[in-house]
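Hi,

Here is the structure I promised to pass on.

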Amino acid sequence: AQQHAVPAPRAEDGDPRFAQQADDLDTRAADQEDPEVPEAPEVQEVSTAPVAEARQSTGPAAPAYDDAEREAVLKVMRERRDIRNGFRSDPIPHEVLLRVLEAAHTAPSVGHSQPWDFVVIRSAETRAAMQDLAQRQREAYAKSLPKGRAKQFKELKIEAILETPVNIVVTADPTRGGRHTLGRHTQPQMAPYSAALAVENLWLAARAEGLGVGWVSFFDEREMVRALGLPDHLEVIAYLCVGYVDEFPDEPELMQAGWSKRRPLSWVVHEETYGRRALPGEEPHDLLGETVAQIRPLDAKALGEAWERQKRMTKPAGALGMLEIISAQLSGLSRQCPPPIPEPAAVAIFAGDHGVHAQGVTPWPQEVTAQMVANFLGGGAVCNAFAGQVGAEVCVVDVGVASELPATPGLLPRKIRAGTSDMTTGPAMTREEAKQAIEVGIETARDLVAAGNKALLTGEMGIANTTASAALISVFTGTDPAEVTGRGTGINDETLARKTEVVRRAIELHRPDPADPIGVLAAVGGFEHAAMVGLLLGGASLRTPVILDGVSAGAAALVARAIAPEVLAACIAGHRSAEPGHVAALNKLGLRPLVDLDLRLGEGTGALLALPLVQSTARAMHEVATFDSAGVTEK
Ligand SMILES: Cc1cc2nc3c(=O)[nH]c(=O)nc-3n(C[C@H](O)[C@H](O)[C@H](O)COP(=O)(O)O)c2cc1C
């Protein structure tokens, strides 16, 4: 096949924000505050892979748009916004609305079935009825949110039905095109997809006309069909509020409100196979390596400002004790003083089973792991009660539960394998599996942070996992298994003696080298430990605080620190558990726990109790007056 030279787009042609570099989520290194946008080479060879019957190209390829035309296309995509605020009542001229609808009508569609219809609504009465329906759904949604989120949601506007002169209902007719619509025979959802493409066309054309569009999906779809008197066989794809606006914000309104963050393009482009992330022209990068490379120490300037501010706050210097240290850490981590208040927050509960269960290290049957996962998802566990109290979201991740778990809202199915192998007879997992589980943790951190969470909490569930925790802690602290193996759920002396011997035997079998943290994890760790390592590294790379729960989180933090020492910049020890290994781990990490109540439950419970303390210290930085501002005399 003939090679074909295509001029590469020049970086300065486009707005760098549109290129969605990795810094969209603020992952830039301190020493790269103002990176030069790398200039793409003028001409780039694009190789065409050998295909069975590659056609010989002759003559020039169809021309691209010229630079100005291309920029206009990219500009409208970049500057299209979902608008809810600042609509004007000015009428929309018919010819303008016609151009917008014509653009929608040129959308691609499955088998050219053109399944859409557009119902243009202007009547104040119909709009009021629709607004009423949306308001009810808004209330139902608000009730379903964790408190930390609900507070944020209260401030958000989610529709502008009454403020816009025109509303457009876009429907899809799944029967249009006949029984044999080309391309729809295996995928009936292609009809609504096609109608959604018409919505995007409409949205872009509206932007070009200076018209704002706000998509409202706070509806029960069937209720809406009835309320609008639509034929029953139609599906409602979109309810759009359209009108002239005061301005188009630069960023999504949800981003401006701190509800979400933009995910960088580099997170979502994979070369050849899923997981080999690479932008065109780049070598595929390793998720773990990339994450570690982005972890930085606390920012010295923000740290200094935090200490200064603590001194100026209307209280004796040092009177908030340990909390002053945490507030300085939050400042150094976020590079802001005062630091963002870590709310909303989410606890990620990683669940996995353990082959070492076969050695009789606990009286609890292995099935309890899956049963407790169901309990977390049903809202009946202690972690749910604590999360409810402190307003955090509970996110459950199956990273290695022995049984198949039914798909349930709130459960992330990320199983690496149905439980580890018995560490007393061989490695618990392969190195590759350990890395995959770490990557699950990194991706969980990315997802939770991009969804707007400003603090992450570790949680775990895995019958027999304190055996793996003890082994990891013994290896990384160099402490004898007898000193770091504990009673876990409350085992008797005989079982404790057996458990200690199991840990000793596993370590003797593998002789894990603490300088090879992934090797240690693979030999004696658990899938949930590995995933927590990833959560810590991911949180640190995104400069988001991670509150550690108990002994298993302590074990994971030791592994994470061995991979990237600066990970500790993001770590806050939530509590000290009753497990002896936890003290050894915290001492080695140099972390002082915030709560010390003899808890030994796991599930993130200790971290959840510590969350309000961490939030309080950040809030104090924002709200407490300084001596000068309050006119209070200093000592
Ligand atoms: C399918 C779909 C449904 C949406 N539903 C709503 C909605 O009910 N309320 C709302 O305020 N925004 C809604 N939006 C708008 C999104 O919040 C918005 O597209 C997103 O925050 C990105 O912002 P941008 O469109 O300005 O880039 C919806 C968007 C899409 C694509």
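**A helix on the inside**

Helix α17 (residues 517-524) is largely enclosed by the rest of the structure, because 8 of its 8 residues are buried. Buried here means under 20% relative accessible area, exposed means over 50%, and partly exposed is in between (1.4 Å probe, protein chains only). Helices are DSSP runs of H or I with at least four residues, strands are runs of E with at least two, and both are numbered from the N terminus. The buried residues are P517, I518, G519, V520, L521, A522, A523 and V524. They pack against α8 (287-293), α13 (431-450), α14 (465-477), α16 (493-510), α18 (527-541) and α19 (551-563).

**Before you read on**

This is a predicted model, in which local features need pLDDT of at least 70 and side-chain atom pairs count only at pLDDT 80 or more, while totals for chains, interfaces and linings use all residues. Residues are numbered from 1 along each chain as its sequence is written, and side-chain values use heavy atoms, with hydrogens and water left out.

pLDDT is the predictor's confidence in each residue, from 0 to 100. The protein has a mean pLDDT of 92, and 92% of its residues reach 70 or more. Two stretches need some care. Over residues 1-24 pLDDT stays under 50, and the model has 55 contacts for them beyond four places in sequence. Residues 26-46 also stay under 50, with 38 contacts beyond four places in sequence. A contact means heavy atoms within 4.5 Å. Where pLDDT is low, the predicted coordinates should not be read in detail.

**The ligand**

Which residues surround the ligand? They are R80, R81, D82, R84, I158, W215, V216, S217, F218, P252 and L254. By class, that shell has 6 nonpolar, 1 polar and 4 charged residues. For the classes, Ala, Val, Leu, Ile, Met, Phe, Trp, Tyr, Cys and Pro count as nonpolar, Asp, Glu, Lys and Arg as charged, and the others, Gly among them, as polar.

Some distances to oxygen atoms of the ligand may interest you. R80 has a polar side-chain atom 2.8 Å from a ligand oxygen, and for a polar side-chain atom of R81 the distance is 2.7 Å. S217 takes part through its backbone, with a polar atom 2.6 Å from an oxygen of the ligand. On its own the ligand has 620 Å² of accessible area, and the protein covers 72% of that. Accessible areas come from the Shrake-Rupley method with a 1.4 Å probe.

**A threonine and some loops**

T617 sits in helix α21 (residues 605-623). Is T617 buried or exposed? It is buried, at a relative accessible area of 2%. Leaving aside neighbours within four places in sequence, T617 is in contact with L323, E324, I326, S327 and L330.

The loop between α10 (322-334) and β7 (345-352) holds P338, and P344 is in the loop between α10 and β7 as well. A cis peptide bond joins C337 to P338, with omega about 0 degrees. Another cis peptide bond links E343 and P344, again with omega about 0 degrees. R335 belongs to the loop between α10 and β7 too, and its phi is positive, near 60 degrees, although R335 is a residue other than glycine.

E272, also not a glycine, has a positive phi of about 75 degrees. E272 lies in the loop between α7 (253-256) and α8, and counts as exposed at 73% relative accessibility.

Cheers

Terms used
A residue is near a molecule or strand if one of its heavy atoms lies within 4 Å of it. A polar contact is a pair of N or O atoms within 3.5 Å; within protein, one must be able to donate a hydrogen and the other to accept it, and residues adjacent in sequence count only if both atoms are side-chain atoms.
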